[in-house]
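Subject: The structure I promised you

Hi,

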Amino acid sequence: MQKTLGVIGWSGSGKTTLIRQLLPALQRRGLRVSVIKHTHHSLQLDEPGKDSYQLRQAGAAEVMVLSAGGWAVFADVSAEPTLEAQLSHLSPVDLVLLEGQKQLALPKLEVYRPGVGKPPRYPADPRIIAVASDAALDAPIPVLDLNDIEAVADFVADWSRKN
């Protein structure tokens, strides 16, 4: 299984923003990184009337659409795939950042902003290895300044290389 670090936090805490800022910083540190983003919203990427949609409606289990610039696979599933199944669709990289899926048993970085009005998750989840926050916290794990992307990237890169 590929090395995976969960990035969790309450809605509105800035998980996607942090990941978007971390990607170039981790790349500068020599890491190839992929991202899996989970959503609780209904996901409809394929459009009625398109060939790929019609092929799925005709019974294809999966439809791959590709060009010289990239590819995508459209698949209907009856349940969310396991982490192993998700990772099996990615090419090998140094690190996979997994946004969401906080219930999975894997190391996690929590994005915590007191302004969101929710409690931190790290006291109840022993798999949270650090917290990136915009506030000073007294925590038994490393607390990283959410606004210091270079420091967060150093932590993630060091963790990735050691684990």
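Start with Lys 108: leaving aside neighbours within four places in sequence, Lys 108 is in contact with Leu 5, Gly 6, Ile 8, Lys 102, Asp 125, Arg 127, Ile 128, Ile 129 and Ala 130. Please keep in mind that this is a predicted model. Lys 108 sits in strand E6, and its relative accessible area is 2%, so it counts as buried. Where does its side chain go? The side chain of Lys 108 reaches the backbone oxygen of Leu 104, at 2.9 Å. Across in E7, the residue standing opposite Lys 108 is Ile 128.

Now for the sheet around it. There are 6 strands in an open sheet, with parallel pairing, and the order is E2-E5-E1-E6-E7-E8. Strand E2 (33-37) and strand E8 (143-145) are at the edges; each has a single partner strand, so one side of each has no neighbour in the sheet. From one strand to the next, the twist averages 25 degrees.

How many bridges join E6 to E7? There are 5, and the two strands run parallel. On its other pairing, E7 goes with E8 in the parallel sense over 3 bridges, and there Val 131 has Val 143 in E8 as its bridge partner. E7 is also mostly covered, with 5 of its 6 residues buried.

Next, the nonpolar cores. The largest one has 22 residues, and those with the most contacts inside it are Leu 18, Leu 22, Leu 26, Leu 109 and Val 156. At least two residues of this core come from each of strand E1 (4-8), H1, strand E5 (95-99), strand E6 (108-112), strand E7 (128-133) and helix H4 (149-162). Helix H4 gives the most, with 6 residues. You will also find a second, separate core of 8 residues, which includes Ile 36, Leu 83, Val 93 and Leu 104. In soluble globular proteins, nonpolar side chains tend to be buried together.

Leu 109 is worth a click. It stands opposite Ala 130 in E7. Not counting residues up to four places away in sequence, Leu 109 touches Leu 5, Gly 6, Val 7, Ile 8, Leu 18, Ala 130, Val 131, Ala 132, Leu 144, Val 152 and Val 156.

Finally, helix H1. This helix lies across E1, E2, E5, E6 and E7, and runs at about 170 degrees to E5. One of its residues is Ile 19, as H1 covers residues 15-28. Is Ile 19 buried or exposed? Its relative accessibility is 4%, and the cut-off for buried is under 20%, so Ile 19 counts as buried. Leaving out residues up to four places away in sequence, Ile 19 touches Val 7, Val 35, Leu 97 and Glu 99. Ile 19 and Leu 97 are 78 residues apart along the chain, while their C-alpha atoms are separated by 7.8 Å.

Have a look and tell me what you think.

Cheers

Note on methods. Residues numbered from 1 in each chain as written. Predicted model: local features only at pLDDT ≥ 70, side-chain atom pairs only at ≥ 80, totals over all residues. Heavy atoms only, no water. Helix = DSSP H or I, 4+ residues; strand = E, 2+ residues; numbered from the N terminus. Buried < 20%, exposed > 50% of the residue type's maximum accessible area, 1.4 Å probe, protein only. Contact = heavy atoms within 4.5 Å. Core = buried A, V, L, I, M, F, W, Y, C linked by side-chain atoms within 4.5 Å. Polar contact = N/O pair within 3.5 Å; in protein donor to acceptor, adjacent residues only side chain to side chain. Pairing = 2+ DSSP bridges. Axes fitted to C-alpha atoms, helices over the stretch in contact; angles between N-to-C directions.
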